[in-house]
Amino acid sequence: MAEKDIKKGVLKGLLKLTLILGAGFLLLGILGRILPSPTEDGYRFFPVIGSRVWVWIVAQLHLNFAAFVLGVPIFAVTMEFLGWRRKDERLDRIAYDFTKLFTLAYTLTAVMGAVLMVSLPILYPKFIQHLMKVLGPTWWAYILFMYGEVFVCYYYFYSWHRMKDRKGLHVLLGVLLNVMGTILLLITSSWVGYMTTPAGVTETGELVNRWQAIKTYMWIPLSLHRLVANVVFGAGIAAAYAAFRFITATTPEEKAYYDWMGYTSAMIAIGFSLILPGIGYLLGVEIYAFNEQMGIQLMGGFYAWLWVMQAILIGAILFFINYYLWISLNKMPGGERYFRYVKFLFIVVLLGYAIWLTPHSVALSLEEARRIGSYHPVLGKLGVMASKNTAVIISYMATFISFAIFRMSNKEPTVSWASMGKWLRVLIIVASTGVVLFLGVYSYMVPSVTRVKVLSPIQFGVFLLSILALYILDSRMFKGARVIGEPRWGQMPERSQYALIGITVTFTWLMGMMGYMRSGGRQYWHVYGILKDTSPDAYLPAHGVASVIVTLVTLLFFLMVAFVFWSVMKLEMIAEQRRAK
Amino acid sequence: MKTGVIKLLIVVLGINIFFAYIGLYFLPQSESRPPKELKLAPGVSQDDLVLLGEEIVFGKGQCMVCHPMKPETGMRAPAIATIGADMKKEAEKRGIPYEEYLFIALVAPSKYVAEGYDDIMPPVHKPPTSLNEGELIAVAAYLQSRGGTVTVKYPDSLEQLREIIRREGGS
């Protein structure tokens with residue numbers, strides 16, 4: 001992307017947003033006039049694929065891009081800050097590369113948002129009228145903050161080189177950009193929160209208290225979950241970009257840089273994903289607190305098999321990342337010393353995967369339910385959260401160990417207590433795994449409320465504390481360590497990059513499916529218990545249909561992302577040619 | 001470079017097709033439709049009421065998401081298998097007529113929470129479950145049949161149900 005005058009660049013960004021929004025409003029007005037009136041119960045129908053599928057595709061694409069442009073700035077500014085404080089040019093370059101990516105992606109995010117903005121009031125006028133009645137002012141605040149964000153984003157990007165001597169101020173701009181992004185996220189989460197766990201209205205949907213309608217059970221945990229998931233997703237996209245550039249790189253220097261960028265991005269993605277189960281759990285607790293039935297419906301029943309699918313997807317991500325780290329040992333001088341541990345880590349991840357895949361309650365016919373009760377007599381015992389939480393935590397622990405092994409594989413500690421430190425590391429791993437296992441078994445013997453509110457949080461806490469302890473221990477033990485050899489960045493087989501792409505594709509698929517489940521938790525309600533969905537689409541489709549739609553969304557998203565990657569390369573080429581001239 | 005990009009495309013496409021394949025061929029394929037409203041004919045027999053109630057308990061009522069069939073450790077709500085007898089005992093203990101206790105348990109469940117359980121049951125005549133009067137009586141008949149004697153009738157029990165809804169459970 002060519003460097004332009006800051007003012008011109010910012011104006012360009014604001015003009016682009018105004019044009020997209022203006023076109024959206026214009027189209028909304030025109031379609032509202034020329035299309036036939038909605039049905040008596042407030043619906044219009046999208047041709048061929050139906051309104052639900054159309055809105056599903058558009059909303060998920062918009063959400064994917066929104067996650068990207070909200071997530072990437074968080075670690076872009078972190079990298080810029082670290083590069084500035086450590087005077088590391090490479091960190092500054094990676095931050096700038098990330099900024100190029102999300103600045104370009106803003107346009108596509110806005111376009112998809114405008115399509116959604118037109119689609120919803122046209123196809124679901126009654127529902128949107130209700131939302132506007134209850135949460136209308138938040139929509140206008142959303143537009144205001146969107147302008148603010150675009151202003152700061154373009155300023156941040158176009159001033160990158162101009163402000164290189166005022167880095168502190170530039171980093172502050174990046175922080176402001178993230179504050180804007182977080183406010184936008186809070187606003188949109190309040191809409192979803194109201195639809196799923198409504199409050200502040202009467203049983204017939206009359207507004208009583210707008211703040212209550214914003215501050216629903218789901219609001220903060222959903223926002224937190226999205227915030228962290230956005231970082232994971234944004235980092236995943238950056239890793240995919242690095243993999244793409246690694247594969248297309250023509251010089252060893254480029255390969256080395258993009259190999260390092262891919263590794264850094266993937267580790268950020270996986271690092272942040274470690275806290276996602278904990279926040280997801282918090283979200284689950286709030287849904288249960290709002291309505292126990294909804295909580296159980298979401299965790300089992302019709303959705304039981306989609307949780308199995310979720311396990312397949314997260315398990316695949318863990319396998320991709322472990323595989324990537326195990327291959328990466330080859331580029332670390334001294335890495336071969338750790339090859340023998342790989343098979344054990346593989347077995348642990350595989351066993352965890354198997355338990356995680358086991359369903360608890362499945363959709364039963366009346367006859368089957370009469371015969372076996374609510375749950376399968378054998379799998380029902382293994383498929384409960386007591387064993388699944390334990391399996392997930394241990395799988396994550398194994399992944400963290402793969403990461404820790406990679407980090408230290410080219411070093412030999414020289415501190416006097418190195419031998420004790422190694423034993424301490426083993427003790428932390430064994431003790432924390434033992435505690436997690438014990439709590440998992442004990443969870444079977446207590447009422448569910450004790451498991452949900454006490455034992456499971458302790459399990460996650462033990463896991464987080466143990467990886468923190470391992471991280472601190474390794475940092476101390478390997479301080480001033482003898483370096484066997486520097487990592488041979490760029491010397492990675494191409495298949496390692498497919499693993500990185502695999503992480504991002506799987507994560508995108510996972511986001512699509514979990515978004516569908518969260519939305520489907522409302523069943524045949526637009527606003528749960530308040531505004532009924534009486535359209536022909538008021539049912540949950542078969543899992544196969546949902547899978548095909550999620551696949552279609554993921555493919556469309558990657559097509560658009562490929563366009564962003566290609567645009568960045570093209571603009572870099574133009575800038576290079578200009579510089580040469 | 002071109003070969004690498006083509007391989008990359010194949011990877012993206014392959015992973016997506018793989019997940020779609022699992023969704024299409026490894027997961028059960030049924031839809032979840034909104035429940036239909038049940039309209040009872042006057043004078044429906046108690047046996048039929050029990051059968052209709054069973055259908056609602058396992059379907060529209062979504063009772064089985066919390067209530068297990070048989071008692072088990074850590075259960076969220078009382079087991080269904082003996083719930084009729086259990087509720088009768090509980091009603092006698094509290095000195096309340098059995099049928100009244102049963103209807104209150106459905107439309108104002110927070111009033112009498114069974115010992116050892118959390119107050120998690122929603123009033124089932126209100127959204128999102130929204131059982132109508134006939135459906136409530138059918139569910140009551142089914143619950144009574146689990147270890148107890150069925151005493152509720154349709155439409156004879158309607159007046160009592162309406163009075164309890166007016167008194168305890170709002171509109």
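Me: A crossing of two helices is left-handed if the near helix is turned anticlockwise from the far one by less than a right angle, and right-handed if clockwise. Does H7(A) pass H9(A) in a left-handed or a right-handed crossing?

Reply: This is a predicted model, and in it H7(A) passes H9(A) in a left-handed crossing. Helix H7 of chain A runs over residues 219-248 and helix H9 of chain A over residues 276-290, and the two pack with their axes 9 Å apart, at an angle of about 155 degrees. Since angles over 145 degrees count as roughly antiparallel, this value makes H7(A) roughly antiparallel to H9(A).

Me: Which residues of H7(A) and H9(A) meet in that packing?

Reply: On the side of H7(A) the residues are A:Pro221, A:Leu222, A:Leu224, A:His225, A:Val228, A:Ala229 and A:Val232, and they meet A:Leu276, A:Ile279, A:Gly280, A:Leu282, A:Leu283 and A:Glu286 in H9(A). Sorted by class, this contact of H7(A) with H9(A) has 10 nonpolar, 2 polar and 1 charged residues.

Me: What should I read from the angle and the handedness of H4(A) and H5(A)?

Reply: Here H4(A) and helix H5 of chain A, residues 167-196, pack at an angle of about 160 degrees with their axes 9 Å apart, and H4(A) and H5(A) are therefore roughly antiparallel to each other. Their crossing is left-handed, and the contact of H4(A) with H5(A) has 20 nonpolar, 5 polar and 1 charged residues.

Me: And what is the hand of the crossing in which H15(A) passes H16(A)?

Reply: That one is right-handed. Helix H15 of chain A, residues 385-408, and helix H16 of chain A, residues 418-442, have axes that come within 8 Å and cross at roughly 165 degrees, which makes H15(A) roughly antiparallel to H16(A). Among the residues of H15(A) in this contact are A:Asn389, A:Thr390, A:Ile393 and A:Met397, while the partners in H16(A) include A:Ile429, A:Thr433 and A:Gly440. The contact of H15(A) with H16(A) has 8 nonpolar and 5 polar residues, and no charged ones.

Me: How should I step back from helix pairs to the domains of chain A, and what are their bounds?

Reply: Chain A, whose secondary structure comes to 19 helices and 4 strands, is divided into domain 1, which takes 1-173 together with 541-581, and domain 2, which takes 303-539. The C-alpha centres of domain 1 and domain 2 of chain A lie 31 Å apart, and 18 residues of domain 1 are in contact with 17 residues of domain 2. On the side of domain 1 that touches domain 2, H2 (51-86), H4 (125-158) and H19 (543-580) of chain A each supply at least two residues, and H19(A) gives the most, with 7 residues. The residues of that side of domain 1 divide into 9 nonpolar, 7 polar and 2 charged.

Me: How does the radius of gyration help me judge the overall form of chain A and of chain B?

Reply: The idea is to set the value against what a globule rule gives for the number of residues. For the 581 residues of chain A, a compact globule would have a radius of gyration near 25 Å, and chain A has 25 Å, which agrees. Chain B has 6 helices and 0 strands, and its radius of gyration is 23 Å, well over the 16 Å that the rule gives for 171 residues, so chain B is more spread out than a compact globule. Along the principal axes, the C-alpha atoms of chain B fill a box of roughly 85 × 40 × 30 Å, and those of chain A a box of roughly 80 × 75 × 40 Å.

Me: How many residues does each chain bring to the contact between chain A and chain B?

Reply: The contact takes 38 residues from chain B and 50 residues from chain A. On the side of chain B, H1 (2-25) and H2 (46-58) each supply at least two residues, with H1(B) giving the most, 12 residues. That side of chain B divides into 23 nonpolar, 9 polar and 6 charged residues.

Methods
Residues numbered from 1 in each chain as written. Chains lettered and ligands numbered in written order. Predicted model: local features only at pLDDT ≥ 70, side-chain atom pairs only at ≥ 80, totals over all residues. Contact = placed C-beta atoms within 7 Å. Nonpolar A, V, L, I, M, F, W, Y, C, P; charged D, E, K, R; others polar. Axes fitted to C-alpha atoms, helices over the stretch in contact; angles between N-to-C directions. Parallel < 35°, antiparallel > 145°, perpendicular 65-115°, else oblique. Domains from an automatic or database assignment. Rg over C-alpha atoms; globule rule 2.2 N^0.38 Å.
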